[in-house]
Amino acid sequence: MTVANEQSAQTPAIELRAVTKRFGPRAVVDDVTLSIQRGRTTVILGPSGTGKSTLLRLATGLLEPEAGSVHTLGVDVFGAKKHELLRLRRRMGMLFQDNALFGSLSVFDNVAFPLRRVQRTAEPEVRRRVDELLQLVGLPELGDRLPDRLSGGQRKRVALARAMALSPELVLFDEPTSGLDPQTSASIDQLIKDTQTRLGLTFVVITHDIESAGIIADDAGLLLDGKVHLFGPRATVWASQDPRVRAFLERRAG
Ligand SMILES: Nc1ncnc2c1ncn2[C@@H]1O[C@H](COP(=O)(O)OP(=O)(O)OP(=O)(O)O)[C@@H](O)[C@H]1O
Ligand SMILES: [Mg+2]
């Protein structure tokens, strides 16, 4: 890995080449080649158990594939040295399906956590940055609250603020609207869309919420049986006449 390569805006955000990941005999990710572009929102769709979360864990280096290579932000994830991988992870933000907030820490301290613990930011700057992030996600008044006194949508907003704390180039979202009511889902979709548009970051969103995908996606990919069944601009995917794509988009059993 060279610095020039790592920083090149030309390299894809995430590039999988012939990646296979097995759990036991089953290839959950089966010889997948996929290139996710920077500066836009890519949504990965697929039924439960098709390997969507596995794909995210491969991209972050949390899981190692049996075959193939993964490049994230130009870094060869499984060829990188440990310190290179740690440096790469600091360039990425992650929103987990269950938010993974620290229950004993206030909203403010949750968002401040990466700044204090990873980046060792000085306290006045921590305050300035956390205030800015809470403003960004529409929760400027809730810094003192504990997570268990927030609604599901508010918790998602805090998780987004924390994921954005280190000014990542790439943010990965695992099911950002699951478990939320339709109205709250719509407000989170709008927040994701506004944040991406305003900051021009790369967002990769895993979801089975088709309505949500229709709002936030620039590009979309459909995973079926461990393979990328179709990948392209959202309009192209949405207009596809492929029967399995139609079945998925129209919520019929595929
Ligand atoms: N660590 C693991 N060990 C064994 N099997 C696993 C492991 N992680 C995932 N699997 C299996 O791999 C398959 C794909 O899992 P994955 O979590 O990637 O699916 P998913 O598409 O994210 O599903 P969902 O939409 O339900 O979140 C599932 O059958 C799951 O049981
Ligand atoms: Mg999953």
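Visitor: What caps the N-terminal end of α7?
Guide: D181 does, with a side-chain oxygen 3.0 Å from the backbone nitrogen of Q183. A polar contact is a pair of N or O atoms within 3.5 Å; within protein, one must be able to donate a hydrogen and the other to accept it, and residues adjacent in sequence count only if both atoms are side-chain atoms. Helices (H or I, at least four residues) and strands (E, at least two) are DSSP runs, numbered from the N terminus.

Visitor: What kind of model is this?
Guide: This is a predicted model, in which local features need pLDDT of at least 70, side-chain atom pairs count only at pLDDT 80 or more, and totals for chains, interfaces and linings use all residues. Residues are numbered from 1 along each chain as its sequence is written, chains are lettered from A and ligands numbered from 1 in the order in which they are written, and side-chain values use heavy atoms, without hydrogens and water.

Visitor: Which residues of α7 are buried?
Guide: They are T184, S185, I188, D189, L191, I192, T195 and Q196 (buried is under 20% relative accessible area, exposed over 50%, partly exposed in between; 1.4 Å probe, protein chains only).

Visitor: And which exposed residues are on the face turned away?
Guide: That face of α7 carries P182, Q183, T197 and R198.

Visitor: What about just after α7?
Guide: There, G200 takes a positive phi of about 65°.

Visitor: How many aromatic pairs are found?
Guide: The search of the whole structure gives 2. Rings of Phe, Tyr and Trp (its six-membered ring) pair if their centres lie within 6.5 Å; planes under 30 degrees apart count as stacked, over 60 as edge-to-face and the rest as tilted. F102 and F113 have ring centres 4.6 Å apart and planes at 45°, so this pair is tilted.

Visitor: Is F203 buried or exposed?
Guide: F203 is buried, with a relative accessible area of 0%.
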